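Biologist: I am new to this structure. Please take a close look at any aromatic pairing, and set it in its context.

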Amino acid sequence: MTDTATVHRLAPAVAARLLGVVLCTVAVLILLGTLAIAVLDLHTLFLLVPVTLTIALLVATWWAWRQKGWVARLTPAGYRIQWVRGVGAASGRWKDVEDAVTTTVAGSPVVVLRLRDGRTTTIPVEMLATDREAFVRDVQDHLQRGHGLRKW
């Protein structure tokens, strides 16, 4: 069932917040260009600089979202987590995971992978565009297979 890698992408609500930051940055960039034109009496052609930078920034954001818009990547060998501040160990092998538990941190549900060396990986499931129970089942399946266990 989980012989291939599964990818859990960023939740739409979190992506919308990140896009909001990008759009605010773009608005400030265009505002600064407009103010520079007005104050320094520059030619309006100068406004093409922030507009071009805006287009480049939006294309870069789209590319990053398409290529790196995942939070958790679970493979048969291990896992990798990105975009999560305070994740702890961002990657590891399933053989190094002692157990996985669900808990709540600061009022948000998380999955905590406890590694044999004492480190932990904390994954806030609200950041995922996946159903909470489906993600937990996916982690459990990968963990069992990583330890050589099969479901009957």
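**The aromatic pair in its setting**

Modeller: Of the protein chain's contacts (heavy atoms within 4.5 Å) with a separation of 6 or more, 52% join residues 24 or more positions apart. This is a predicted model: local features need pLDDT of at least 70, side-chain atom pairs count only at pLDDT 80 or more, and totals for chains, interfaces and linings use all residues. Residues are numbered from 1 along each chain as its sequence is written, and side-chain values use heavy atoms, without hydrogens or water.

Now the rings. A search of the whole structure finds 1 aromatic pair. Rings of Phe, Tyr and Trp (its six-membered ring) pair if their centres lie within 6.5 Å; planes under 30 degrees apart are stacked, over 60 edge-to-face, the rest tilted. Here the partners are Tyr 79 and Trp 94: centres 5.5 Å apart, planes at 50°, so the pair is tilted. Tyr 79 sits in strand 3 (residues 78-81), and Trp 94 in the loop between strand 4 (91-93) and strand 5 (97-105), so the pair ties together parts 15 residues apart in sequence. Strands are DSSP runs (E, at least two residues), as are helices (H or I, at least four), numbered from the N terminus. Both Tyr 79 and Trp 94 are buried, meaning under 20% relative accessible area with a 1.4 Å probe, protein chains only.

Step back to the chain. Buried residues make up 32% of its 152 residues. The protein chain has 3 helices and 7 strands. Their order along the sequence is β-α-α-β-β-β-β-β-β-α. Its C-alpha trace spans about 75 × 30 × 25 Å along the principal axes.

Conventions
Buried < 20%, exposed > 50% of the residue type's maximum accessible area, 1.4 Å probe, protein only.
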